[in-house]
Amino acid sequence: MTLKERYEAAREQYGKLGVDTDGALETLKKIPISMHCWQGDDVIGFDHDGPLTGGIQTTGNYPGKARTPEELMADIEKAFSLIPGKHKVNLHACYAIFEEGEYADRDKLEPKHFAKWVEFGKKNGVAFDFNPTCFSHPMAEDSLTLSSPDEKVRRFWVEHCKACIRISEYLAKEQGCPCAMNIWIPDGMKDVPADRLGPRARFKQSLDEILAIPYDKEKVLVCLESKVFGIGMESYTVGSSEFTINYAAKNGIISLLDNGHYHPTEVVSDKIPSMLLFNDKIALHVTRGVRWDSDHVVLFDDETKEIAKEIVRNDAIDRVLLALDYFDASINRIAAWVVGMRNMQRALLYALLSPNQKLKALQDEGRFTELMMQQEELKTYPFGDVWNWFCEINGVPAGEGWFEHVRAYEEEVLLKRT
């Protein structure tokens, strides 16, 4: 059977459940996922040569890491050529691009330092999201930034985040759509603190100062991300979930949930519907934590599928800002992008192909035996045939066919980087 014939057979089978596969594919095509630029070069960026700090580690030394803006852009283009649909690129501030002989520290960054990214975006039809980089910098050596008791340090990072709002507004204007700007800080303590309130009060003050600058709130969607712990802040995290959710709710910004930033027994999928009841929008960083916030490549696993289900069945596709966040240097970095992005799309398609209203009715009517049966039977429906057809009609290889393109790129480009 051809791909089309297999799809038509699948369409008929799903149709008997009341699922419109054509409609699902059209919806999926319009869901942008923000692909994180930092997978391509192990979170190094272009504004420093030092090691990663702030509780961040990248393991592995697979050949072919991007070393320049041009190499990173080429790698992003290659990845997008193998991912169906149109998506965004998520930038960190440390990916500023300077002219020869020019340098600006992070508190002095300007829109012009991202002009080449705008050119890249316009060439490729790609929009951007943005993040302050509050780590891997001499001013972050003590894992204290916006909560630092040292006013000089705190002021530096306040000015950095203000600069990032201005850059985000520039990106939004140039690309003609909003730019999500996410604030995450590595602030915390390795051992038991003597004062938990003080650092959070300083963090709150810093955020108040950052948000006080004038900016277009329709163009810049400021997000605030929490974390449960990290390397060097095992005992206390300033930007806890309780802090970030309450601050975002009170100040009209967006809570960002990273599913690696909670206790291993917590799942973000269960948090999404509660957050949607009280927030117009939420933001997600989808990753795969193994035992801790280890930022492994996103798989088509249970939690990724459950996250997608909560987005789809709660009619929240337009209310959830969806991005990926992981970095694996032990495998081909372009393959890592493609696997993660395609798996997030697979999870969304899996949710779109579910008879959600029928399943909800079974739950509401207490027909739990039938509900379990139907949920289990869906697992062996011809989902893969629908996915492969989606790839086909969007001009990218179906199945594992994309990997030969990555292998060839590795031989022709990546292995020549020394």
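Asp-42 sits in the loop between β1 (34-36) and α3 (69-80). The model is predicted. Look at the backbone here. Asp-42 is not a glycine, yet its phi is positive, at about 65 degrees. Is Asp-42 buried or exposed? Its relative accessible area is 8%, so Asp-42 is buried, as this value lies under 20%.

Now move along the chain to Ser-143. This residue lies in the loop between β3 (127-131) and α5 (151-175). Ser-143 has a positive phi too, about 55 degrees, and is not a glycine. Its relative accessibility is 13%, so Ser-143 counts as buried.

Next come two helices. Helix α2 covers residues 21-29, and helix α13 covers residues 383-393. Their axes are 11 Å apart, and the helices pack at an angle of about 55 degrees. That angle makes α2 oblique to α13. The crossing of α2 past α13 is right-handed. Which residues make the contact? From α2 come Leu-25, Leu-28 and Lys-29. From α13 come Val-386, Trp-387, Trp-389, Phe-390 and Ile-393. Of these contact residues, 7 are nonpolar, 1 is charged and none is polar.

Finish at Pro-264. Where is Pro-264 found? Look in the loop between β8 (254-258) and α8 (268-278). Pro-264 counts as exposed because its relative accessibility is 58%, and exposed means over 50%. Now compare Pro-264 with Gly-64. The two are 200 residues apart in sequence. In space, their C-alpha atoms are 33 Å apart.

Key
Residues numbered from 1 in each chain as written. Predicted model: local features only at pLDDT ≥ 70, side-chain atom pairs only at ≥ 80, totals over all residues. Heavy atoms only, no water. Helix = DSSP H or I, 4+ residues; strand = E, 2+ residues; numbered from the N terminus. Buried < 20%, exposed > 50% of the residue type's maximum accessible area, 1.4 Å probe, protein only. Axes fitted to C-alpha atoms, helices over the stretch in contact; angles between N-to-C directions. Parallel < 35°, antiparallel > 145°, perpendicular 65-115°, else oblique. Left-handed = near helix turned anticlockwise from the far one by under 90°. Contact = heavy atoms within 4.5 Å. Nonpolar A, V, L, I, M, F, W, Y, C, P; charged D, E, K, R; others polar.
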